[in-house]
Amino acid sequence: MENAYEKCLRGAKKMVVPVMLFSVGWTAVSLEAFAEINENASFFEVKQVSDTEGKVVDVNGEPIIGASVIVKGTSNGTITDLDGHFSLSNVSGKTLVISFVGYETQEITLKGKKSLNIVLKEDTKSLEEVVVVGFGTQKKVNLSGSVAAVSGEDITRRPVANTAVLLQAQIPGLRVNQGTGQPGDENVTLRVRGQGTFSSAGSDPLVLINGVAGNIANIDPSSIESVSVLKDASSAAIYGARAANGVILITTKSGKANEKAHISYHGNVGFYSPTKLYDLVTNSAEYMELANIAWKNSGINKSYTQDMIDLYRQNGGSVEYPNFDWLGYMFRTAAVQTHNITATGGGEKATYNISLNYVDQPGTMRGFSHNKYNAAVDLTAKINNHIRIGTYTNLMYSKASGPRQGQEDALLSTMSQAPTYMPWLPDDGSGVVKWADKAYSFEEHNKNMPAIVGDGNLKETAYYDVNSQLWLEVNLLKGLTWYTKGAVRLESKRNEDWRGSSTPIYDYHTGVESGQLDKGGLGFEAEDTRRFYTNLYSYLRYNTQFKDAHSLSIMLGYSQENELYESLKGYRKYYSFDLHTLNAGTSAEWTNAGGKEEWALQSVFGRINYDYKGRYLFETNVRYDGTSRLASENRWGVFPSFSAGWRVTEEPFIKKMNISWLDNMKIRASWGQLGNQNIGLYPYQAMIASVSDYPFTKTESGTIAGFQQTAYANRDIKWETTTITDVGLDLSVFKGLSITFDWYNKVTDDILRSSQVSALLGLSAPYINDGKVQNRGIELAVNYAGIINSSRIRGLQYNVGFYFDRSRNKLVEFGAEEIDNFVIRREGLPYVWGTERNVY
């Protein structure tokens with residue numbers, strides 16, 4: 001009789017078995033197994049006389065051991081022995097399915113055949129795998145640079161609200177750090193192969209969404225087709241001045257031709273709660289006794305009397321004498337929801353992919369929340385056999401809310417409270433909430449965060465991001481293609497910080513007003529910022545092959561980028577009623593401010609790829625960039641790169657050796673230089689700023705306002721340059737095991753920094769080119785894909801993978817030692833970076 005396990009398997013058409021998932025440090029190991037079990041599966045074998053036998057071999061005639069031979073539509077089958085032989089009974093007239101990892105599956109219908117000789121061909125899908133690179137795609141086996149890719153399916157298995165976090169533990173050499181847990185403001189930082197510089201240019205990689213600069217956190221993760229990370233200079237040099245810290249290429253999904261309309265929904269709900277909170281003393285009597293000891297040991301002349309302590313010990317837990325857990329009140333379990341609807345399809349002439357996404361992300365701390373909406377449209381039309389046109393638009397709107405103090409201050413303020421009082425006074429029957437100050441006048445604490453949240457004193461941020469692209473592709477001649485894309489991106493933020501008017505607080509026991517709630521100020525502040533970015537690039541690409549041995553690809557292009565940033569801010573202090581608008585405040589005390597910034601980048605770029613019989617691979621890139629951030633004398637910079645690869649397994653002498661376990665082996669090396677232009681907008685110009693007390697003019701009422709130069713200007717500054725050398729090995733063995741290894745040396749010199757000068761200069765220090773940082777490391781990625789061809793779980797496909805990377809950062813040249821709070825910056829030590837980071 002079947003046991004319960006067998007009955008379960010018999011009725012299951014598909015079983016998904018998650019086996020293991022964990023990560024340690026920057027090494028991630030994952031194992032996922034998927035099995036398909038036919039509903040007619042049987043796990044009982046009956047010995048019968050063989051009427052069909054055969055042998056399974058590869059194209060070289062070598063036997064394939066362990067190949068699966070199964071009767072189609074059933075579980076009746078076997079595996080080949082050490083000589084590749086198999087035998088089956090009662091299969092006349094049926095179809096056999098023969099499969100093995102790394103080979104193409106074959107189906108053979110038996111029509112009186114008693115003896116079979118089956119030849120399996122190698123599965124070339126892995127060799128045909130295409131990876132997105134700068135301004136195009138390349139076959140993975142033909143890459144000579146260091147490029148790592150991950151599919152959208154792999155990164156979206158985790159229900160995470162911020163798309164940037166999904167890249168954690170996915171790609172060797174890419175470090176993803178989530179700085180906070182605040183919804184909508186997670187402070188996620190991305191680093192490709194370490195901290196590249198100590199200048200204000202920063203070490204953030206360039207993120208491109210379908211070829212246009214964008215914010216990874218602002219796209220729907222369900223719309224991602226693939227993510228490629230360009231890690232070395234050879235792969236990233238095509239982006240020149242913006243690629244010194246690596247490039248992350250995100251390609252979104254598009255519709256497929258001749259595919260019926262398909263509508264899908266994906267959603268999840270996750271429950272989040274703090275994994276660990278501080279174990280604070282919440283028993284008031286015990287707290288009071290411990291506080292007395294602490295004050296006495298610290299020489300502070302104050303204490304709770306024994307009568308006070310006895311009241312709490314005898315009435316502990318009552319409304320009048322509470323044991324209030326402030327942390328327990330402020331923190332909660334948050335239900336985070338994500339919902340996505342996608343419609344995709346296409347015909348012979350046009351394709352489409354349309355998606356809608358919604359994220360509801362309440363915080364685990366009261367007062368914090370975040371909601372995000374996404375709409376993405378991808379359309380492609382084939383005008384004729386030579387012309388294609390397409391468009392991609394992503395619309396994002398989000399709204400985040402939380403105390404203006406932020407999560408860190410909110411936590412510390414909550415922890416500073418004593419358990420001897422609640423955030424509010426006991427209900428007096430009036431229905432009016434009165435916020436508590438403290439139980440006794442000598443108690444000390446910070447802000448009453450439940451009162452701030454309950455009073456509605458929150459900072460709200462509304463954020464809009466529109467990324468719209470239009471492209472045209474024309475096949476001019478055989479092998480010659482012209483591609484042009486124009487894009488605009490508009491980011492708009494509105495911050496509203498409401499602190500309102502004064503809110504009284506009261507003594508917890510007497511109910512007497514004792515002061516005003518500390519909100520960090522009064523009034524209302526509103527700020528609008530707008531960032532308008534345009535990008536136009538166009539290139540010609542020519543691909544050709546000659547003499548069936550040589551492949552050549554040449555690309556030449558032009559790019560132009562502009563960005564305009566504007567801000568406007570207003571503040572009014574006194575409000576008679578709660579109306580969140582500037583005009584509702586009085587004109588007694590107010591301020592306003594605004595600003596405008598603009599930069600531009602113009603570039604010419606090119607690339608040449610050559611390979612001989614897929615055996616010897618060569619690539620060179622060059623980009624010529626001009627930026628408005630530098631003076632005209634040093635505005636233009638050239639950033640070249642060179643790489644080569646040798647596919648050892650394509651050598652005739654290796655093929656003659658007939659090494660059956662060696663599938664692919666490639667050795668590659670690259671060298672190149674990249675620039676960094678993110679140094680502020682006008683560091684070479686003598687800028688003037690307003691000052692309230694102009695020193696050279698004096699009237700009877702005192703000094704007057706004026707303008708003066710505040711920083712020393714240096715027109716001789718030039719590009720900050722990063723030079724990267726990379727040596728790598730790509731290895732595929734045993735029809736499923738792949739190994740990738742990289743060693744790299746990344747050196748940034750001529751670092752753009754403020755000069756270390758004495759205050760006697762009288763002005764802020766000028767920017768200069770001085771300093772050098774080195775990052776050196778190794779990366780190892782191992783992955784194995786296999787199939788189980790025996791036992792009850794025959795047909796089980798599995799994938800095991802892990803990676804390891806190690807990077808060491810060192811200040812080679814820095815200048816005088818600097819000590820900043822808890823950080824020492826000294827030559828020979830790693831550079832510890834401060835608050836400079838890009839927030840996603």
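Guide: Strands here are DSSP runs of E, at least two residues long, numbered from the N terminus. Remember that this is a predicted model, where local features need pLDDT of at least 70 and side-chain atom pairs count only at pLDDT 80 or more, while totals for chains, interfaces and linings use all residues. Residues are numbered from 1 along each chain as its sequence is written, and side-chain values use heavy atoms, with hydrogens and water left out.

Visitor: What is phi of lysine 735?

Guide: Phi of lysine 735 is near 55°, a positive value in a residue other than glycine. Phenylalanine 734 also has phi near 55°, again positive without being a glycine. Phenylalanine 734 lies in the loop between β39 (720–733) and β40 (737–749).

Visitor: Is lysine 735 buried or exposed?

Guide: Buried means under 20% relative accessible area, exposed over 50%, and partly exposed in between, using a 1.4 Å probe and protein chains only. Lysine 735 counts as buried because its relative accessibility is 13%. Phenylalanine 734, at 52%, counts as exposed.

Visitor: Now salt bridges. How many does the structure hold?

Guide: The general idea is that side chains of opposite charge can pair when their charged atoms come close. The cut-off used is a side-chain nitrogen of Lys or Arg within 4 Å of a carboxyl oxygen of Asp or Glu. The structure holds 38 of these. Take arginine 191 and aspartate 204, whose side chains meet with N to O at 2.8 Å. Arginine 191 is in strand β14 (residues 188–192) and aspartate 204 in the loop between β14 and β15, so the pair ties together parts 13 residues apart in sequence. Both arginine 191 and aspartate 204 are buried.

Visitor: Which residue does glutamate 491 form a salt bridge with?

Guide: Its partner is arginine 531, and the closest N and O atoms are 3.8 Å apart. Glutamate 491 belongs to strand β26 (residues 480–500) and arginine 531 to strand β29, so this pair links parts 40 residues apart in sequence. Glutamate 491 is buried at 16% relative accessibility, whereas arginine 531 is partly exposed at 29%.

Visitor: What about lysine 655 and glutamate 650?

Guide: Their side chains meet in a salt bridge too, at 3.7 Å, N to O. Lysine 655 is exposed, with a relative accessible area of 51%, and glutamate 650 is partly exposed at 22%. Elsewhere, salt bridges that share partners join Arg193, Lys231, Lys666, Arg668, Asp726, Asp730, Asp742 and Glu779 into one network.

Visitor: How many cavities does the search find?

Guide: Think of a cavity as a set of points on a 1 Å grid, over the protein atoms alone, where a 1.4 Å probe fits but cannot get out; lining residues have an atom within 4 Å of a point. A volume is the space filled by probe spheres set on the points, which are joined across faces, edges and corners. The whole structure has five cavities of 30 Å³ or more.

Visitor: Which residues line the largest cavity?

Guide: Among them are Phe135, Leu206, Tyr239, Arg242, Tyr533, Glu561 and Arg623. β15 (206–209), β29 (523–546) and β30 (550–572) each supply at least two lining residues. The largest share, three residues, comes from β29. The second largest cavity has Val133, Gln138, Arg607 and Glu619 among its lining residues.

Note on methods. 1 Å grid on protein atoms, 1.4 Å probe; cavity = no way out; pocket = protein on both sides within 12 Å on 5 of 7 lines; lining within 4 Å. Helix = DSSP H or I, 4+ residues; strand = E, 2+ residues; numbered from the N terminus.
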